[in-house]
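Please read the following report alongside the sequence and the coordinates.

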Amino acid sequence: MASESANSEGAELGRYLRARRTQTSPEHVGLTVGAGIRRTPGLRREELATLAGISMDYYVRLERGKETRPSPSVLDALARALHMDDQEHQHLRELAARAARYAPEPPPAPGRTVRPHLKLLLESLRPNSAYVISRSMDMLAWNPGGLALYAGLDDWPAKHRNLARYLFLHPAARDLFTDWDQQITACVARLRAIAGTAPDAPDLTNLVGELLLKSPDFAGLWERYEVTGRKPAHKTFQHPQVGMLTLTAQSLHVEGTPGQRIGVYTAEPGTPDHDALLLLDMTAPAMPSSGSSDRSTSPRPS
């Protein structure tokens, strides 16, 4: 059983290397491509092995998941050869640590409980849109504007509300985001980074399995195995109720929780964008603030 797990971890490391290799062009790493048709997308295995200063046989074993203990110097050489950024390089190290069985076992799927003081914090942030999400992007709690900002998300049952699921499967998502392509790329990169180091976690595998089956867009991005994505400081929404608004986005990790984060969207008071937030906050219906029977606070008196 342990051998099976080790092979699985080695395979994940190999998949990541292969994805990065096939998406790195020879020109990008300074190689001159001769005349003729290249059957291999991106770099060939022998080209990457040469650039990293390792043997072809050793690299092939890495990519096939048969070599699970690459040294830190080999990992650094591969990262340099593939021009990885810091986040991609760190992900490579984490995958290698798991393949070598140095990393601890992943924790079980985190619970959906949101502490009462976090719900009070969401209320205090009104009229700014705010919510709490899990590591797999389940929306766990929200204030009125936090849910209303994602047009149509309240059509779904509370336990089905997930921002990745919304982006790929809700018909309103493409119209809501003016940069939908960029949003889904960043979303998949985030899920890929988490799933790569916790590949058996049920909260992630269930979501990924569903999206692979239901969304060709998700499946294509998942195959690319990118773990970094642009996270713009501002997001523009074409909202069906309040029109176009551009908001400052901030994501905050909640200490002492299993990967929960608070997402907040703000606008400068006195601007049309802030007026739109006020309108969303005032017109959003009162509803449960999570999957429990708790109710969100009533709209504030004028």
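In which loop does Met-137 lie? Met-137 lies in the loop between β1 and β2, where helices (H or I, at least four residues) and strands (E, at least two) are DSSP runs, numbered from the N terminus. The model is a predicted one, in which local features need pLDDT of at least 70 and side-chain atom pairs count only at pLDDT 80 or more, while totals for chains, interfaces and linings use all residues. Residues are numbered from 1 along each chain as its sequence is written, and side-chain values use heavy atoms, with hydrogens and water left out.

**Backbone**

The phi angle of Met-137 is near 75 degrees, a positive value in a residue other than glycine, and Met-137 counts as buried at 8% relative accessibility; buried means under 20% relative accessible area, exposed over 50%, and partly exposed in between, with a 1.4 Å probe and protein chains only. Tyr-225, although not a glycine, also has a positive phi, of about 55 degrees; Tyr-225 is placed in the loop between α12 (216-224) and β3 (234-239), and is buried with a relative accessible area of 1%. A cis peptide bond, with omega about 10 degrees, joins Arg-126 and Pro-127, and Pro-127 lies in the loop between α6 (116-124) and β1.

**Nonpolar cores**

A nonpolar core is a set of buried Ala, Val, Leu, Ile, Met, Phe, Trp, Tyr and Cys residues joined through side-chain atoms within 4.5 Å. The largest one has 46 residues, and those with the most contacts inside it are Met-139, Tyr-150, Tyr-166, Phe-168 and Leu-191. Helix α10 (residues 180-197) gives the most to this core, with 7 residues. Apart from this core lies another, of 27 residues, among them Tyr-16, Leu-43, Leu-92 and Val-227. Leaving aside residues up to four places away in sequence, Met-139 touches a set of residues that includes Arg-112, Tyr-131, Tyr-150, Arg-161 and Leu-163, contact meaning heavy atoms within 4.5 Å.

**Aromatic rings**

Rings of Phe, Tyr and Trp (its six-membered ring) pair if their centres lie within 6.5 Å, and planes under 30 degrees apart count as stacked, over 60 as edge-to-face and the rest as tilted. By this rule the count comes to 12 aromatic pairs. Tyr-131 and Tyr-150 form an edge-to-face pair, 5.9 Å centre to centre with 70 degrees between the planes. Because Tyr-131 lies in strand β1 (residues 129-133) and Tyr-150 in the loop between α7 (144-148) and α8 (163-169), the pair ties together parts that are 19 residues apart in sequence. Both Tyr-131 and Tyr-150 are buried. The rings of Phe-168 and Trp-180 have centres 6.5 Å apart and planes at 65 degrees, so this pair is edge-to-face; with Phe-168 in helix α8 and Trp-180 in helix α10, the pair ties together parts that are 12 residues apart in sequence. One aromatic cluster is formed by Tyr-131, Tyr-150, Trp-156, Tyr-166, Phe-177, Phe-237 and Tyr-265.

**Charged pairs**

Side chains of opposite charge can pair when their charged atoms come close. A salt bridge is a side-chain nitrogen of Lys or Arg within 4 Å of a carboxyl oxygen of Asp or Glu, and a search of the whole structure finds 13 salt bridges. Some of them are listed here.

| Salt bridge | N to O distance |
|---|---|
| Glu-63 and Arg-21 | 2.9 Å |
| Glu-123 and Arg-126 | 3.0 Å |
| Arg-135 and Asp-203 | 2.9 Å |

Glu-63 lies in helix α3 (residues 56-63) and Arg-21 in helix α1 (residues 2-22), so their pair ties together parts that are 42 residues apart in sequence. Glu-63 is buried, with a relative accessible area of 8%, and Arg-21 counts as buried at 3%. Arg-135 lies in the loop between β1 and β2 (139-142) and Asp-203 in helix α11 (residues 202-214), so this pair ties together parts that are 68 residues apart in sequence. Glu-12, Arg-15 and Arg-192 are linked in a network of salt bridges.

**Surface**

Leu-278, Leu-279 and Met-282 form a nonpolar patch on the surface, with about 260 Å² of accessible area together. Patches are made of residues with over 30% relative accessible area and no salt bridge, like charges being joined within 9 Å and nonpolar side chains (Val, Leu, Ile, Met, Phe, Trp, Tyr) within 5 Å, and accessible areas come from the Shrake-Rupley method with a 1.4 Å probe, for which only the protein chains shown count as cover for residues. Leu-279 is placed in helix α13 (residues 272-283) and is partly exposed, with a relative accessible area of 36%.
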